[in-house]
Amino acid sequence: MAEDGSEASAERSPGSTEELLVQEGDIAGDYLERLLDILDYDGDIDLDVEASRAVVSIDGGEDLEKLVGPRGNVLESLQELTRLAVQQETGTRSRLMLDIAGWRADRREELKDLGTATAQKVLSSGERVRLQPMTPFERKVVHDAVAAVAGVHSESEGEDPRRRVVVFPQ
């Protein structure tokens, strides 16, 4: 370790990032637990850190599907409210990911399949394909799935909430 402490601070930096993400998860968990209490909904809250972001999952309650809403609209709104609650306490913008009743995990699998199938369709037809408008989360999953297929690429076009993925032959 250097006398100026530079090596020590470099060692602490990853831990500090991890600690901040754990703190974000704790704040989000407390916020969501209060929300569940107000709604009188049952649910188990799980906190994790994945891919440099806090991940909070709520599972187990019968009424949780109501917190997902059609196409995940309520879930997206709750995620933004939770991020704002975290930001209010930490002073920094959160990239926290919220999943309720496994909806986001299930949707991720559907979108991977859609991205792969669309890429295969573009490969066989040679024509570009424009998908339906999607949320940023949905677009990222599709882009990642398309990127795994050689011979095609994808781009996003349009403005939210009508922003969509377009898959092109290379």
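This report describes the nonpolar cores and the pockets of a predicted model.

In soluble globular proteins, nonpolar side chains tend to be buried together. In this model the largest nonpolar core comprises 18 residues, and I58, L67, L96, L98 and I100 have the most contacts inside it. At least two residues of this core come from each of α1 (6-39), β2 (53-59), α2 (73-90) and β3 (97-100). The largest share, 4 residues, is supplied by α1.

Beyond its neighbours within four places in sequence, L67 is in contact with L36, L39, Y41, V74, L75, L78 and I100. Another core, of 16 residues, lies apart from the largest one and includes V129, V142, V149 and V165.

## Largest pocket

The largest pocket holds about 620 Å³ of space. It is lined by 24 residues, of which R53, M97, R104, R108 and F137 are the closest to its centre. By class, the lining consists of 14 charged, 8 nonpolar and 2 polar residues.

Each of β1 (44-50), β2, α2, β3, α3 (103-125) and α4 (136-147) supplies at least two residues of this lining. With 6 residues, α4 gives the most.

## Second largest pocket

About 180 Å³ of space lies in the second largest pocket. Its lining is formed by R71, N73, E76, P133, M134, T135, P136, E138, R139, D160 and P161. The elements giving two or more residues to this lining are α2 and α4, and the largest share, 3 residues, comes from α4. The lining of this pocket divides into 5 charged, 4 nonpolar and 2 polar residues.

Notes
Residues numbered from 1 in each chain as written. Predicted model: local features only at pLDDT ≥ 70, side-chain atom pairs only at ≥ 80, totals over all residues. Heavy atoms only, no water. Core = buried A, V, L, I, M, F, W, Y, C linked by side-chain atoms within 4.5 Å. Buried < 20%, exposed > 50% of the residue type's maximum accessible area, 1.4 Å probe, protein only. Contact = heavy atoms within 4.5 Å. 1 Å grid on protein atoms, 1.4 Å probe; cavity = no way out; pocket = protein on both sides within 12 Å on 5 of 7 lines; lining within 4 Å. Points joined across faces, edges and corners; volume = space filled by probe spheres on them. Nonpolar A, V, L, I, M, F, W, Y, C, P; charged D, E, K, R; others polar.
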